[in-house]
Amino acid sequence: MVKKDLYIRDGKVSKIGDINEKADEVIDASGKLILPGLIDGHTHMDFPFMSEVTADDFYYGTMAALGGGVTTIVDFITPSKGENPLDAYERWRKKADPKVVSDYSLHCILRSGDKTSLDAVKPLIDRGVISFKLFMAYKNELLLDDESLYDAIKEIARHGGVTAIHAENGAIVDKRTEELLADGKIDPVYHYFSRPEIVEIEAANRIAAIASMIGRDVTLYMVHTSTYESVDIFREYRKKGYKFYNETTPNYLTYDYSVLEGEYGYRYIMSPPFRTQAEIDGLWSRLAMDEIYVMGSDHCVYSDEQKKRYMDKVPPFNEVPNGTPGTETILPLLFTNGYMKGKISMEQLVSVSSTNPAKLFGLKNKGNLLPGYDADIVIIDPKKEFTVSYKMLHSNIKYSIFEGEKLYGFPEITILKGKKVMENGRILASAGSGKYVPGEISK
């Protein structure tokens, strides 16, 4: 960390150092930390899943992003069954463009390995969608068999794209769920037991093996990694020259699966589930060793009513929509539980939350506070403590899974391309003021 002045002109970082230029506005950040705006590489806004659509559309979701110092999100195009991904791209742009208050980019989920889906890969890359998500779970909805995974990864790699992977052995998850339900084990905590650590570890090992058969041109990105063993698998392939990377979320660094046992356990149902303390400790150690490349949120927000399927009681665990909020709390959780406790450096915090996702997703002018980059900035008071309450957050729900946590590092000011868009919790940007940022393949 250095003590410098920062000069912004035309939405870009212009100069860094001791600056005596005249300015339209001067922000005194003495005693504060100035960081690059975060890039949340994993969000689901206006997302259709499990017969529900997330409570956060692109307006509420990107307000939450700016509230947390996230200046760019990367969301997931989700084609309907049988829909051409190119048509889904147009739908997502029409949903997002009028509502976003942050900048945004896009991944695309491939629901099939058929010719229509694979033929869409290159045109989507030309439109700035350079990463594609494949699922190894959710039979009859999103799951691809191994042959389809192989074909899709090969086509994505042929054009220089990134393959994002949801790694869980879906067949075993379905079998264990069936067994638990048959035994009357329906409470939220059994969500964890239906998807134990090994189903992720097996899938991580399998997808790494499949991708390695295609070659070292594959860029493989495992989303929401919840086990340190999966990180270790990808690390061993990197030692052999493969471009295999892991993302995790602050959720997996904060709570163990006991949160599923409480009165509001249903709020914590997400996939993969919260894990054990051993996994939390293991993920922190891998993060400290620079073996986790990206910190996303997997922001996927459902109201209490949606989570409970509009009933007075909680439904069986397998019927609760999967997903938790997260984009607004990435920075304070990493700052408080990581940097302040000496687990990671400030440089590592910035790398996983800004610099690395910008590199991975081809966001050429994002992720750094250097001359020529977009002036996307977050300012925090490192000594100011906050008690988390949903009332201070911006998602379209009336709870936070981090309710009551005492955290440092909530942004005081968020700046997007040189314009102040959030100050002291108040969003200053209007719907549609954010812009689509196409990803670019590295040459």
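**Legends: fold, cysteines and one loop**

**View 1. The whole protein chain and its contacts.** Residues 24 or more positions apart account for 76% of the contacts in the protein chain with a separation of 6 or more. A contact means heavy atoms within 4.5 Å. This is a predicted model: local features need pLDDT of at least 70, side-chain atom pairs count only at pLDDT 80 or more, and totals for chains, interfaces and linings use all residues. Residues are numbered from 1 along each chain as its sequence is written, and side-chain values use heavy atoms, with hydrogens and water left out.

**View 2. Dimensions and secondary structure of the protein chain.** The C-alpha trace spans about 70 × 50 × 40 Å along its principal axes. How does the radius of gyration fit a compact globule? For 443 residues, such a globule would have a value near 22 Å; the protein chain has 21 Å, which agrees. The radius is taken over C-alpha atoms, and the globule rule is 2.2 Å times the number of residues to the power 0.38. The chain holds 13 helices and 19 strands. Both are DSSP runs, numbered from the N terminus: helices are H or I with at least four residues, strands are E with at least two.

View 3. Of the 443 residues, 60% count as buried. Buried means under 20% relative accessible area, exposed over 50%, and partly exposed in between (1.4 Å probe, protein chains only). The protein chain exposes about 17,900 Å². Carbon and sulfur atoms supply 48% of that area. Areas come from the Shrake-Rupley method with a 1.4 Å probe; for residues, only the protein chains shown count as cover. There are 55 positive and 64 negative side chains. The centres of the two sets lie 4 Å apart. Lys and Arg count as positive, Asp and Glu as negative; His and the chain ends are not counted. Each charge is placed at NZ of Lys, CZ of Arg, CG of Asp or CD of Glu.

View 4. A disulfide is a pair of cysteine sulfur atoms within 2.5 Å. The count comes to 0 disulfides. Cys-108 is buried, at 0% relative accessible area. Cys-300 is buried too, at 4%.

**View 5. Glu-403 in its loop.** Glu-403 lies between β15 (385–387) and β16 (406–408). Glu-403 is partly exposed, at 41% relative accessibility. Beyond residues up to four places away in sequence, Glu-403 touches Val-388, Ser-389 and Tyr-390. Lys-391 is 12 residues from Glu-403 in sequence and 9.8 Å away in space, C-alpha to C-alpha.
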